[in-house]
Amino acid sequence: GLRGLRGLGHFRRLRPIAMAVCCVRVLLLALIARAEDVDWSPRPTIYDDAGQKSLYAPEGPVHLLKGSSCNLSPSSSWQSMGQTWLVEYYHSSCPHCWYFAPVFRQLAAAYQGSRVLRVAACNCAEEENRNACDAMQIYIYPSIQVFKAGRDGAAVKLYDVSHTDKEGHAQSAVDILQWLEDRKLPA
């Protein structure tokens with residue numbers, strides 16, 4: 001029965017070579033895969049704003065809301081800073097928020113210095129802001145909303161603004177500016 005296996009000696013000599021070639025291939029594939037790593041997120045800069053993480057620079061065009069100012073309560077001074085507010089509620093570890101942050105910065109830059117519309121953001125990941133985000137019923141990130149001060153000083157939500165179009169594609173700052181203009185905002 002062993003006569004048919006005479007050629008095994010030849011394979012035994014090749015086995016170490018074949019194993020070495022296989023190991024080289026695996027290493028080569030690992031190097032190629034490492035060299036072609038795909039970043040599935042833009043890995044944004046995370047800023048520190050007095051101990052809170054933020055996708056937006058404290059000195060930038062986006063006004064940073066914290067604590068009770070996140071829910072635009074009458075006790076906060078939000079209504080004295082402008083009548084209409086465009087507010088993004090985000091989570092600093094959310095990749096959708098990372099992708100939307102440059103668009104929101106462009107929107108804020110377009111309205112920088114405006115007396116009728118303020119652009120602000122609240123990081124719902126921060127412990128200090130969680131109660132306010134819960135009170136505003138923020139469950140999806142990013143959530144963009146337009147508010148106006150009511151007669152009693154409390155925030156009145158006018159609109160939810162989608163960061164995507166009907167097909168689910170990301171909206172540009174120009175798209176959102178057009179959306180606001182179509183609704184006569186700021187008014």
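Helices (H or I, at least four residues) and strands (E, at least two) are taken here as DSSP runs, numbered from the N terminus. On that basis, the predicted model of the protein chain holds four helices and seven strands, arranged along the sequence as α-β-β-β-β-α-β-α-β-β-α. Residues are numbered from 1 along each chain as its sequence is written, and side-chain values use heavy atoms, with hydrogens and water left out. As this is a predicted model, local features need pLDDT of at least 70 and side-chain atom pairs count only at pLDDT 80 or more, while totals for chains, interfaces and linings use all residues.

Of the 187 residues, 35% are buried (under 20% relative accessible area; exposed is over 50% and partly exposed in between, with a 1.4 Å probe and protein chains only).

A nonpolar core is a set of buried Ala, Val, Leu, Ile, Met, Phe, Trp, Tyr and Cys residues joined through side-chain atoms within 4.5 Å. The largest such core has 27 residues, and Tyr56, Leu86, Phe104 and Leu180 have the most contacts inside it. Strand S4, helix H2 (95–110), strand S5 (117–123), strand S6 and helix H4 (173–182) each supply at least two of its residues, with the largest share, eight residues, coming from H2. Leaving aside residues up to four places away in sequence, leucine 180 touches Leu86, Tyr111, Val146 and Leu185. A second, separate core of 14 residues includes Leu72, Ala120, Cys122 and Ala132.

Leucine 65 sits in the loop between strand S3 (63–64) and strand S4 (84–90), yet leucine 65 is buried, with a relative accessible area of 4%. Its partners beyond four places in sequence include Leu72, Trp85, Ala120 and Cys122. The C-alpha atoms of leucine 65 and cysteine 122 are separated by 5.0 Å, although the two residues are 57 apart along the chain.

Strands S6 (residues 143–149) and S7 pair in the antiparallel sense over six bridges (pairing requires at least two DSSP bridges between two strands). The two strands form a hairpin with five residues between them, and glycine 153 in the turn has a positive phi of about 90 degrees. Within this pairing, valine 146 stands opposite tyrosine 159. Tyrosine 159 lies in S7 (residues 155–161) and counts as partly exposed, at 31% relative accessibility.

Note on methods:
Contact = heavy atoms within 4.5 Å.
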